[in-house]
Amino acid sequence: ILPELSNVVAVHMVIVPGTNKILFMERPSGYHPDNSRSIAGTIDLDTMEWQHITSPDGLFCCGHTFTSDGQVIVVGGHQDNAGWPSGMKSIRILSVETSQLEKITEMSWNRWYPSATILPNRKVLVMGGTQAVGAGSRNNPMYEIWDPESPYSIPQQLQVNERFLRRINQNYYPFNYIMPSGDLFTFCGRHGTIMDPYTAEFYTLLPRRNGWSNAQFPFTGTGVMLMLKPEDDYKFETMVFGGANEETTRDLSRPAGKFSSRMTVTPPDSTFPNYTFGSGWYDEEMIGERVMGDATLLPNGHVILVNGAKEGLAGDSANGGESRANFPQFWAEEYNPYAPLGERFTKLSRSQIPRMYHSSVVLTLDGRLLISGCDRCNPYLLESDEEFTPSPVKAEYRMEYFYPTYWYNFENKPKITNNPPIVTYNQQFLVSYTGEITDFVTVTSAVLVAPSSTTHSWNTNQRVVKMVIAGHDTAAQTLLLVSPPNSRIAPPQMFMLFLLNGDTYSKGTWIKLG
């Protein structure tokens, strides 16, 4: 647990590319440790200095991702609230120099709980979110594409597939990924589709995710796209973890989901003219129940699960301002996608802080997980023998680091000493390294990790891409790496570069791709 407080609840946490700063955004909480009225701010993890960020309007339940030149873009948000104008149509860019979120244009539709996705052509797709605040609000029938070449223009509108919308309840924070084919994979709740993001051409519906858990708010599971690897021809695999059953709306004592679901998606070829899904989703039992969990993909391709609760739902209670979930899930888990089936989940250490509704986590530049947030964290039920340290107020401002076991393997950890600031696609480039505490270590692989952009149990920018090692001079400790072959594999943006020695990874450095 860090001695410093965040001063803004981590409903949203976004890494600021090219820096070691994290952007926090919240709904107005009224409990700020410094008595401010801010709804946004950054913390510099090098100095632990907090900087308030001004916003033109409400940010709560917005979407966010990055532009290809490394800026944070924030879309949609909340209705008029606590003196903040509605931000439901706004598109904003973070200016670190002026400490402001600057509104640059508006979308055509109100959006509360939208997902934002950077596309291979540098544009940003905004999908989902409802037209008003709260369950039962109307879905958005259109998605929008913002063009950085015309940043002040109204975004282009395209139709969301009607068959997909009929199958889901509300399109809250859809799990959207650009696949190596360049098409858009989108999943919400139990259903999904694959489509052309530029034309809205529909290709196919995904197999339904069956079993106990829905993953859409308020049932709120979490998900990842597993590492893309050249030796597997950048095979696309996705996972959904936990969630809650639909009947939990009638009985909040129902247990949260205890299963993950994993699926491989194969693109069309000469044999099969459409996408195929093997046997569809297959389930694996996790260590513990988890609704509102957060999944973080490490540089070695493993997944860390933190946060959440063992029963209940996301959201505010019927009388407002209290939790709808009980029995916080304090324990972290690790998922190793390369281990034999039945041996992939491992129980890790536990937190002392309940992290339920509106908690977030990001992978930091040095490879740790920064965890913060929870603004409906009192009251709730706990196991009688569980130790914890409650928040002094309803909102939680404490921050903590989670250290994956690999982080401590200092004797075998590489240290990057030099890399180019910018590379293009399919480019060979040199990276120099040494050991973190020794002169010589082995390096077995290198990856690019997209910066985290996390809210409501969903990292909208989660992506790890392994690179080809074209040459390795172990005596000189230099690597000749080959950047990803195209923008479908790795959309153009700032990435964190990590070197690995087996599963042990270095601290990261920034590199711009594209």
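Me: What should I know about the model before I start?

Reply: It is a predicted model, in which local features need pLDDT of at least 70, side-chain atom pairs count only at pLDDT 80 or more, and totals for chains, interfaces and linings use all residues. Residues are numbered from 1 along each chain as its sequence is written, and side-chain values use heavy atoms, with hydrogens and water left out.

Me: How do I read a sheet, and which strands are at the edges of the one that holds β9?

Reply: Strands are DSSP runs of E with at least two residues, numbered from the N terminus, and two of them pair if DSSP finds at least two bridges between them. Here β9, β10, β11 and β12 follow one another in that order in an open, antiparallel sheet of four strands. Its edge strands, each pairing on one side only, are β9 (112–118) and β12 (156–159). From one strand to the next, the twist averages 25 degrees; axes are lines fitted to C-alpha atoms, and angles run from 0 to 180 degrees between N-to-C directions. Six antiparallel bridges join β9 to β10 (residues 124–130), and Thr117 stands opposite Leu125 of β10.

Me: How is a pocket defined, and what is the volume of the largest pocket?

Reply: On a 1 Å grid over the protein atoms alone, a pocket is an open set of points where a 1.4 Å probe fits, with protein on both sides within 12 Å along at least five of seven lines; lining residues have an atom within 4 Å of a point. Points are joined across faces, edges and corners, and the volume is the space filled by probe spheres set on them. The largest pocket comes to about 410 Å³. It is lined by 25 residues, and those closest to its centre are Arg27, Phe60, Asp316, Tyr357 and Arg376. The elements giving two or more residues to this lining are β9 and β23. Seven of the eight residues of β23 (residues 309–316) are buried, so this strand is largely enclosed by the rest of the structure. Asp316 has Ser323 in β24 as its bridge partner.

Me: How many disulfides does the structure hold?

Reply: A disulfide is a pair of cysteine sulfur atoms within 2.5 Å, and this structure has zero. For Cys62, the closest cysteine sulfur is that of Cys61, at 8.0 Å, which is too far for a bond. Cys188 is in no disulfide either, as its nearest cysteine sulfur, also in Cys61, is 14 Å away. Cys62 is buried at 0% relative accessible area, and Cys188 is buried at 3%.

Terms used
Buried means under 20% relative accessible area, exposed over 50%, partly exposed in between (1.4 Å probe, protein chains only).
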